[in-house]
Amino acid sequence: MKLYCLSGHPTLPCNVLKFKSTTIMLDCGLDTTSALHFLPLPLVHSPRLSKLPGWVSKDGTLNLEKELKECAGRVFVDSQPEFCLPERELLDLSTIDVILISNYHCMMALPYITEHTGFTGTVYATEPTFQIGRLLMEELVTFMERVPKAQSATCWKNKEIQRMLPGPLKDALDVWTWKRCYSTQEVNSALSKVQLVGYSQKVELFGAVQVTPLSSGYSLGSSNWIIQSHYEKVSYVSGSSLLTTHPQPMDQSSLKNSDVLILTGLTQIPTANPDGMLGEFCSNLAMTIRAGGNVLVPCYSSGVIYDLLECLYQFMDSANLGTTPFYFISPVANSSLEFSQIFAEWLCQNKQSKVYLPEPPFPHAELIQTNKLKHYPSIHGDFSSEFRQPCVVFTGHPSLRFGDVVHFMELWGKSSLNTIIFTEPDFSYLDALAPYQPLAMKSVYCPIDTRLNFHQVAKLLKEVQPLHVVCPEQYTQPPPAQSHRSDLMLELQPPPMPYRRCSVLGLPFRRRYERIQLLPELAKSLVPAEIKPGISVATVSAVLQSKDNKHILQPVPKPAPVPPSKKRKRVMEEPPELLSPKPLLSGAVPLEPFLATLHKHGITEVKVEETPEGHILHLQTEDTLIQLEEDGTHIVCGNNEPLRTTLRDLVLRFLQKL
């Protein structure tokens, strides 16, 4: 069993498991943090961005003015943002049989894998993961396609040139493999390969293994996966939460008795408590609105935003700010809000029960009816005429490199009354703000990440007790910025097996057993013989048929009767005779009784020699050796055939025939 790690980002995993002749990809996350090295894509012409000076090296030897621009001491690529894909050279991706998706954030690289590698397999995901994943992909494509860039920067990617660039561009990894965003056509083609599954639904893969999704408690439809054969069990735990938010709670009990547990997607900010961050988010928002400023929340169009809207709904009334308008701007805003209301069976119990009242499970339905929350596909059109300040705007993308958020950064960045509140933990907020410096607007970092922290994981692993744990290297050491915090790492016995991008791990368990079926007619013909009290054994002569990883023992076919023919055929064509198998022997030959038996038969001069395996008996008069060993008896005799058969029969007296 082998595990190939194709992504170095622990919360955007992509691993391949080879298990029992099947090749299974676990998630295909897209590392969008590479977009932070690029200039933002403004929706309307930005004089500030267009006037940024080009970058020339201090000694003047490197002139990349057309490709690189300088802003507040940092250098950015002036081109369409590109993404760091999962590693595609480590193994032949066309050999992948299935892809298992654990949540909609972990499927964003799907079109790169399914459309450009010769992949012909099936992708398995739950319905909310599939539908919201589709929305997020479509949103990404829209963000890129509506602001096309004329030129594409490629020179800076040359290894020799990149080495001479200032950081952090100099240290960016695998830049020559970065790719532009996929197209709508590629998204549709990739999603046509998805097969929908429900929690606890068992899916057979070629009769070899069975895969089952379990609720992971992190987002709508998010799953952990169990991959098992008859005798082995692998659990894949990615992006899970034990907190009470809107999705169904995590199924922990099904993870028990795992031989290997692959653990990834833990919280990115282990020191921040989500409830505390929500409180800070609300108080900063209220402070800004009271002072007459606007609040900008760069976010994804699904996920934490549902909880933020619910929290704000209760908070704004109690803070006497009930008249403040909320705007949610995204090409998929309408679909996202509607999906969250219709996937009732994927919600927690308390939200499910509302559906039967009938009431909408989320309060944002009421916010929309009372006009407190308005959603728009973009800043153009209705939004520009209905927009009033002060207000709260939720929009994408959290990287601040593309999407409508770029427009609000240019619009509101010059006033210190306004505040930007970061809630998504995927991007460093300082790096996200870098191309907008100098910035007068206040920035607040309230990252809300409900995924498991190290304390919760240690408790979970103690309960489910896997034999081996495999995890990203980052989890086996404290964070670089807090090297003294040994509580921010996994400490287990035996220690977890770490992996990093491009590593291949041999997983530490051997397959020992295979299940084989006996056909009823063969079972009927067996005659068990008791060898010890309570233990019976029967010998089987059968033909083994293996098909689709299922093994069946069938009775040996009887030879067809040969029709009498006048001409004698060649001997070769006659069917071989099926000889009845010789009986199997069991038991041991005890030394003293055997010597007594030899004595009775007139063999008296016997010299006994002890060996590590047993005994050697030297019959001196007859010049014969008998080796008595644990798993066999050898009679070494000259040309005296009568003596050999006598000795053989004496040995057989002590053994049992099956």
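**Close-up views of a predicted model**

**View 1. A hairpin brings strands β30 and β31 side by side.** Strand β30 (residues 606-610) and strand β31 (residues 614-619) run antiparallel and are joined by five bridges. Here two strands count as paired if DSSP finds at least two bridges between them. Strands (E, at least two residues) and helices (H or I, at least four) are DSSP runs, numbered from the N terminus.

Residues are numbered from 1 along each chain as its sequence is written, and side-chain values use heavy atoms, with hydrogens and water left out.

**View 2. Strands β24, β28 and β27 form an open sheet in that order.** The pairing in this three-stranded sheet is mixed. β24 (516-518) and β27 (542-547) stand at the edges with a single partner strand each, so one side of each has no neighbour in the sheet. From one strand to the next, the twist averages 30 degrees (axes are lines fitted to C-alpha atoms, for helices over the stretch in contact, and angles run from 0 to 180 degrees between N-to-C directions). Six bridges pair β27 with strand β28 (residues 550-555) in the antiparallel sense. Within this pair, look for Ser546, which stands opposite His551 in β28.

**View 3. Lys20 and Glu514 form a salt bridge.** Their side chains meet at 3.2 Å, N to O; a salt bridge is a side-chain nitrogen of Lys or Arg within 4 Å of a carboxyl oxygen of Asp or Glu. Lys20 sits in the loop between β2 (15-19) and β3 (22-26), and Glu514 in the loop between β23 (504-506) and β24, so the pair ties together parts that are 494 residues apart in sequence. Lys20 counts as buried at 10% relative accessibility, whereas Glu514 counts as partly exposed at 31%. Buried means under 20% relative accessible area, exposed over 50%, and partly exposed in between (1.4 Å probe, protein chains only).

**View 4. Lys149 and Asp78 meet in another salt bridge.** The N to O distance is 2.5 Å. This pair links distant parts of the chain, 71 residues apart: Lys149 is in the loop between α3 (127-145) and α4 (159-162), and Asp78 in the loop between β6 (74-77) and β7 (98-100). Lys149 is partly exposed at 23% relative accessibility, while Asp78 is buried at 12%.

**View 5. Arg451 and Asp449 pair through their side chains.** This salt bridge spans 2.9 Å, N to O. Both ends are buried: Arg451 has a relative accessible area of 8% and Asp449 one of 4%. A search of the whole structure finds 20 salt bridges, and Glu87, Asp174 and Arg501 are linked in a network of them.

**View 6. Cys282 and Cys391 are buried cysteines.** The relative accessible area is 4% for Cys282 and 0% for Cys391. The whole structure holds zero disulfides.

How values were computed: This is a predicted model: local features need pLDDT of at least 70, side-chain atom pairs count only at pLDDT 80 or more; totals for chains, interfaces and linings use all residues. A disulfide is a pair of cysteine sulfur atoms within 2.5 Å.
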